[in-house]
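Here's a quick briefing to read alongside the model. Have the sequence and the 3D view open as you go.

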Amino acid sequence: MTSSDKLATLDIVLDGLMRRYKERVPDVGIILNAMVRDGIVASTNDIENDHIAFRTMGVQQLGVKSFEKIFVHYGYEKRDHYFFESKKLDAWWYSPPRETDPRIFVSELRVGDLSEESQRIIKSYTDEVTSDPVDALDLDNGLEVDAFLHRPLWRTPSATDYQALLKESEYAAWVIYNRYYLNHFTISVHNLPPGYDTVATFNEFLEKNGIKLNTSGGKIKVSPDGGLLQSATVAEMLNAEFANGEHLTISGSYVEFAERRILPEFQNLPQAEIKRKHRRDGFEAGNADKIFESTYTTQTLK
Ligand code: OOG
Ligand code: NI
């Protein structure tokens with residue numbers, strides 16, 4: 001495959017992710033439509049996707065080292081590692097092959113750090129996957145990869161197992177049910193017109209449109225260098241069907257907003273010359289720690 005074929009395949013995979021995510025998360029349509037209605041963008045195609053995020057289970061045959069093979073194949077490069085001690089998570093971010101593609105943030109539950117009981121529950125599901133499922137995929141077939149990302153890896157969980165996991169790790173419960181569904185996409189606000197080009201002003205627009213924001217650590221999460229400002233919606237609640245036809249209302253996915261400020265060394269460049277590479281890149285552990293809570297009951301039940 002040539003690299004342009006790989007990029008065409010990446011487009012199929014990203015389109016598939018966004019299509020199903022929009023169906024699952026009504027806030028996406030509400031926000032995009034309001035942006036067009038208010039003339040913030042001429043069309044939704046003009047909205048920059050800063051990054052997308054996935055969650056994984058850190059067991060032998062799954063986790064980041066399995067999942068990342070998909071996007072590394074399309075030209076993504078693995079970058080910094082982040083560690084979240086109290087949430088028992090590791091994460092990495094990946095820089096994209098094209099400036100117009102989203103960055104990718106992938107986290108992984110440190111399953112071995114959980115109680116014996118939670119490990120037993122998780123493994124009763126993940127043990128159904130006996131070898132790395134990504135190795136069995138034809139990564140050059142975009143539709144095959146799209147189908148993989150939206151098909152169950154293990155049996156439908158029981159409501160009891162979901163609730164038991166929720167008590168110890170809300171992240172574990174989220175992944176047992178939602179698997180590789182897109183966790184969020186992120187609107188870059190810094191290239192929007194004045195009045196909407198900061199997280200602070202964009203949050204006002206969101207709240208005027210009835211969108212509920214994650215308040216953990218404050219609505220605006222700011223990196224210590226001041227260059228990366230983020231906010232996020234509270235996850236959409238789903239009426240989810242569990243084993244034996246039981247139903248529970250659980251967290252699905254959410255939407256994030258990012259403002260990447262121009263790096264000090266490029267402060268004097270004319271506005272028209274500013275590209276992605278002139279702005280604060282990467283992620284920030286302190287911000288991420290709070291953004292994870294967009295799917296936690298401390299936010300969704302408030
Ligand atoms: C990811 C939370 C972190 C960011 O941009 O720092 C994050 C998650 O909720 O899985 O999205
Ligand atoms: Ni994010």
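Phe54 stands opposite Val106 in strand S4 (103-109), one spot in the pairing of strand S1 (49-57) with S4. This is a predicted model, with local features needing pLDDT of at least 70 and side-chain atom pairs counting only at pLDDT 80 or more, while totals for chains, interfaces and linings use all residues. Residues are numbered from 1 along each chain as its sequence is written, and chains are lettered from A and ligands numbered from 1 in the order in which they are written.

**Around S4**
- S1 and S4 run parallel and are joined by seven bridges; two strands count as paired if DSSP finds at least two bridges between them.
- Strand S3 (residues 89-95) runs antiparallel to S4, with six bridges, and Asp90 stands opposite Glu108 in S4.
- Seven of the seven S4 residues are buried, meaning 20 or more other C-beta atoms lie within 10 Å of a residue's own, with C-beta atoms placed from the backbone.
- Arg103, Phe105, Ser107 and Leu109 point one way from S4, and Ile104, Val106 and Glu108 point the other way.

**The core**
- The largest nonpolar core has 66 residues; such a core is a set of buried Ala, Val, Leu, Ile, Met, Phe, Trp, Tyr and Cys residues joined through C-beta atoms within 7 Å.
- Helix H7 (residues 170-178) gives this core its largest share, seven residues.
- Ile104, Ala172, Ala173 and Ile176 have the most contacts inside the core.
- Leaving out residues up to four places away in sequence, Ile104 touches His51, Ile52, Phe71, Tyr76, Trp93 and Tyr94 (contact: C-beta atoms, placed from the backbone, within 7 Å).

**Ligand 1**
- The shell around ligand 1 includes Phe105 and Ser107, along with Ala53 and Arg55; a residue belongs if its C-beta atom, placed from the backbone, lies within 6 Å of the molecule.
- S1, S4 and helix H9 (285-291) each supply at least two shell residues, and H9 has the largest share, with three.
- By class, the shell has six nonpolar, four polar and two charged residues (nonpolar: Ala, Val, Leu, Ile, Met, Phe, Trp, Tyr, Cys and Pro; charged: Asp, Glu, Lys and Arg; polar: the others, Gly among them).

**Overall**
- The protein has 10 helices and 10 strands, taken as DSSP runs (H or I, at least four residues; E, at least two) numbered from the N terminus.
- Buried residues make up 37% of the 302 residues.
- The C-alpha trace spans about 55 × 50 × 35 Å along its principal axes.

Technical notes: A residue is buried if 20 or more other C-beta atoms lie within 10 Å of its own, exposed if 12 or fewer, and partly exposed in between; C-beta atoms are placed from the backbone. Two residues are in contact if their C-beta atoms, placed from the backbone, lie within 7 Å.
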